[in-house]
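Please read them with the coordinates open.

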Amino acid sequence: MIRLGEIAAACGGTVLGEDRAISPEAFIDSRAVVPGGLFCAFRGERSDGHDHVAAALDSGAGAALVDHPVEGTGPLVVVDDVQVAMGRLAAAHVARLRDSLTVVAVTGSVGKTTTKDLLAAVLPGPTVVTRGSLNNEIGLPLTALRATPDTRHLVLEMGADKEGDIAYLTSLVPPDVSVVLAVARAHLGVFGGIERVAEAKQEIVRGLGPGGTAVLNADDHRVAAMAAVAPGAVVRFGREPRPADDPVTVAASDVRLDEGGHASFTLRAGGGSAPVTLGLVGAHHVSNALAAAAVAHTLGVPLPDVARALSGRAASSPHRMSVTTRADGITIIDDAYNANPDSMAAALRTLTAIAHGRRSVAVVGAMLELGDAEVEEHAAVGALAADLGVDRLIAVGQLASHAAGEFPPDRVRRCADLDAARAALAEELRAGDVVLIKASNGSRLWTLADEWAGEA
Ligand SMILES: Nc1ncnc2c1ncn2[C@@H]1O[C@H](COP(=O)(O)OP(=O)(O)OP(=O)(O)O)[C@@H](O)[C@H]1O
Ligand SMILES: [Mg+2]
């Protein structure tokens with residue numbers, strides 16, 4: 001519990017109404033009330049949270065954080081800027097819990113959500129983890145404010161839309177352990193080049209708290225190079241075989257994929273080894289599992305416990321390499337949550353690995369936010385699909401048509417929109433097919449995945 005006076009002190013505001021004690025847990029959607037919690041009034045594009053203060057308090061909020069008094073409501077904490085205030089409040093909250101709590105921060109162009117979900121499984125004791133991908137300047141405070149005196153680990157996904165974003169997040173909650181997974185070609189357009197993406201991710205290493213440890217992917221040279229700015233210890237992870245003169249602390253050897261696309265490998269760390277079989281689909285998740293294992297190893301979790309927790313852990317967030325086989329024998333790989341060139345390539349490889357003799361169909365939509373590289377990158381997807389021996393390509397939308405241009409014309413279909421794609425799928429698919437559905441979230445291809453996988 002926290003008194004409104006303490007909240008006001010932490011974020012430079014003033015209390016209007018009764019100075020009661022409330023739960024520090026915050027929420028921003030007045031329809032999803034945290035009983036006794038703090039309703040934070042944000043101005044969105046469509047609605048203004050200040051219009052919903054009365055409803056939130058009526059439904060059980062303990063108080064509201066606002067940038068101006070809302071007549072007839074209370075108690076309120078009035079601040080200049082609600083977002084800044086939430087950040088300051090979260091910072092003060094974690095600072096108070098610091099002695100009993102270890103903060104782990106995760107960034108990278110791909111794999112953040114997967115890795116933090118794996119960390120939730122691997123780290124012992126009560127753990128508070130980012131929900132979904134709430135990884136920005138609003139999501140991070142919401143997550144941090146859920147930590148309690150019982151919490152042992154606070155796992156924070158940190159995302160960057162531009163340089164400085166992650167530096168802001170680490171300034172609020174300096175991590176004890178920072179993980180960088182990969183520097184890929186996501187959001188290239190916004191950043192203006194992959195080296196700028198690397199700069200932005202590096203902020204999570206620079207932002208480590210005193211004595212903090214950087215956990216770095218040695219298989220990505222831009223990530224490995226971040227060791228140069230680490231303020232303290234560096235723990236590297238990577239997949240064998242690796243160059244003999246470039247050792248890692250945590251490694252995976254003998255990586256194999258089973259028929260369902262699940263990776264098995266031998267996890268090696270600190271002179272020990274243990275077998276792991278992932279519940280996640282796709283060889284690319286080995287890297288994410290190693291990242292989680294490296295954090296756990298750093299924090300002293302015994303290797304057999306790590307291996308056990310990693311094994312059998314399936315995707316806990318929807319539309320991420322989720323595999324369903326329908327009664328009619330059609331297997332749907334739904335990876336329609338998001339897409340960039342690297343995750344697209346990983347998904348296509350997994351499609352052909354799973355198909356393994358069955359007919360493979362790739363339903364591919366747009367990869368958004370690639371800036372100047374967008375035509376070239378979509379064309380590369382078509383070329384890769386052809387190289388991998390994908391049997392049929394269904395390209396949805398204008399950007400994906402560049403992929404279609406690089407694929408054998410007799411095995412490709414161009415669909416203008418979702419409706420056309422729906423019709424094409426109904427015509428094309430037959431028993432035994434393995435179908436990948438993959439695009440950026442904004443392309444809404446996940447609706448097709450829901451329709452098809454839902455008929456399982
Ligand atoms: N190491 C990897 N290499 C290539 N693709 C990956 C890797 N890890 C995850 N992916 C793929 O990237 C996509 C997104 O995964 P995930 O949600 O874990 O990433 P994220 O970094 O949290 O993304 P977001 O920025 O959208 O929050 C999925 O398609 C997943 O299969
Ligand atoms: Mg995410």
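Is alanine 416 buried or exposed? Alanine 416 is exposed, with a relative accessible area of 67%, where exposed means over 50%, buried under 20% and partly exposed in between (1.4 Å probe, protein chains only).

1. Basis of the note. This is a predicted model, in which local features need pLDDT of at least 70 and side-chain atom pairs count only at pLDDT 80 or more, whereas totals for chains, interfaces and linings use all residues. Residues are numbered from 1 along each chain as its sequence is written, chains are lettered from A and ligands numbered from 1 in the order in which they are written, and side-chain values use heavy atoms, with hydrogens and water left out.

2. Domains. The chain is divided into domain 1 (2-80), domain 2 (101-310) and domain 3 (322-453), with bounds that come from an automatic or database domain assignment. Taken over C-alpha atoms, the centres of domain 1 and domain 3 are separated by 45 Å.

3. Nonpolar cores. A nonpolar core here is a set of buried Ala, Val, Leu, Ile, Met, Phe, Trp, Tyr and Cys residues joined through side-chain atoms within 4.5 Å. The largest one has 53 residues, of which Ile7, Leu65 and Val205 touch the most other members. Helix α3 (residues 82-97) supplies the largest share of this core, seven residues; helices (H or I, at least four residues) and strands (E, at least two) are DSSP runs, numbered from the N terminus. The core also draws at least three residues from each of domain 1 (2-80) and domain 2 (101-310). A second, separate core of 39 residues includes Val129, Ala291, Ala293 and Ala307.

4. Contact means heavy atoms within 4.5 Å. Leucine 38 lies in strand β5 (residues 38-40) and counts as buried because its relative accessibility is 1%. Not counting residues up to four places away in sequence, leucine 38 touches, among others, Ile7, Ile22, Phe27, Leu65 and Leu89. Leucine 38 and isoleucine 7 are 31 residues apart in sequence and 9.9 Å apart in space, C-alpha to C-alpha.

5. Serine 30. This residue lies in the loop between β4 (26-27) and β5, and serine 30 is buried, with a relative accessible area of 15%. Beyond its neighbours within four places in sequence, serine 30 is in contact with Phe39, His52 and Ala56.

6. Magnesium site. The magnesium ion (ligand 2) is coordinated by Thr113 (OG1), Ser133 (OG) and Glu157 (OE), at 2.1 to 2.3 Å. Donors are N, O and S atoms within 2.8 Å of the metal (3.2 Å for Na, K and Ca), and water is not among the atoms, so sites may look incomplete. Along the chain, the donors of the magnesium ion follow the spacing T-x19-S-x23-E. Distant parts of the chain are linked here, with serine 133 in the loop between β9 (127-129) and α5 (139-144) and glutamate 157, 24 residues apart from it, in strand β10 (residues 153-157). Serine 133 is partly exposed at 26% relative accessible area, whereas glutamate 157 counts as buried at 2%.

7. Ligand 1. There are 21 residues around ligand 1, and Thr113, Thr114, Arg320, Asp335 and Lys438 come nearest; a residue is near a molecule if one of its heavy atoms lies within 4 Å of it. A polar side-chain atom of arginine 320 lies 2.6 Å from an oxygen atom of ligand 1. For the side chain of lysine 438, an N or O atom is 2.8 Å from an oxygen atom of the ligand, and for that of asparagine 338 the distance is 3.1 Å.

8. Backbone geometry to inspect. Most residues other than glycine have a negative phi, and most peptide bonds are trans. The peptide bond from glycine 74 to proline 75 is cis, with omega near -5 degrees, and proline 75 is found in the loop between β6 (63-66) and β7 (76-78). A cis peptide bond also joins glutamate 240 and proline 241, where omega is about -5 degrees. Aspartate 254, in strand β14, has a positive phi near 55 degrees and is partly exposed at 45% relative accessibility. Histidine 356 has a positive phi of about 45 degrees; histidine 356 sits in the loop between α12 (341-355) and β19 (360-364) and counts as exposed at 65% relative accessibility.

9. Back to alanine 416. Its place is in the loop between β21 (412-415) and α15 (418-428), and the C-alpha atoms of alanine 416 and alanine 400, 16 residues apart along the chain, are separated by 9.5 Å.

Methods. Polar contact = N/O pair within 3.5 Å; in protein donor to acceptor, adjacent residues only side chain to side chain.
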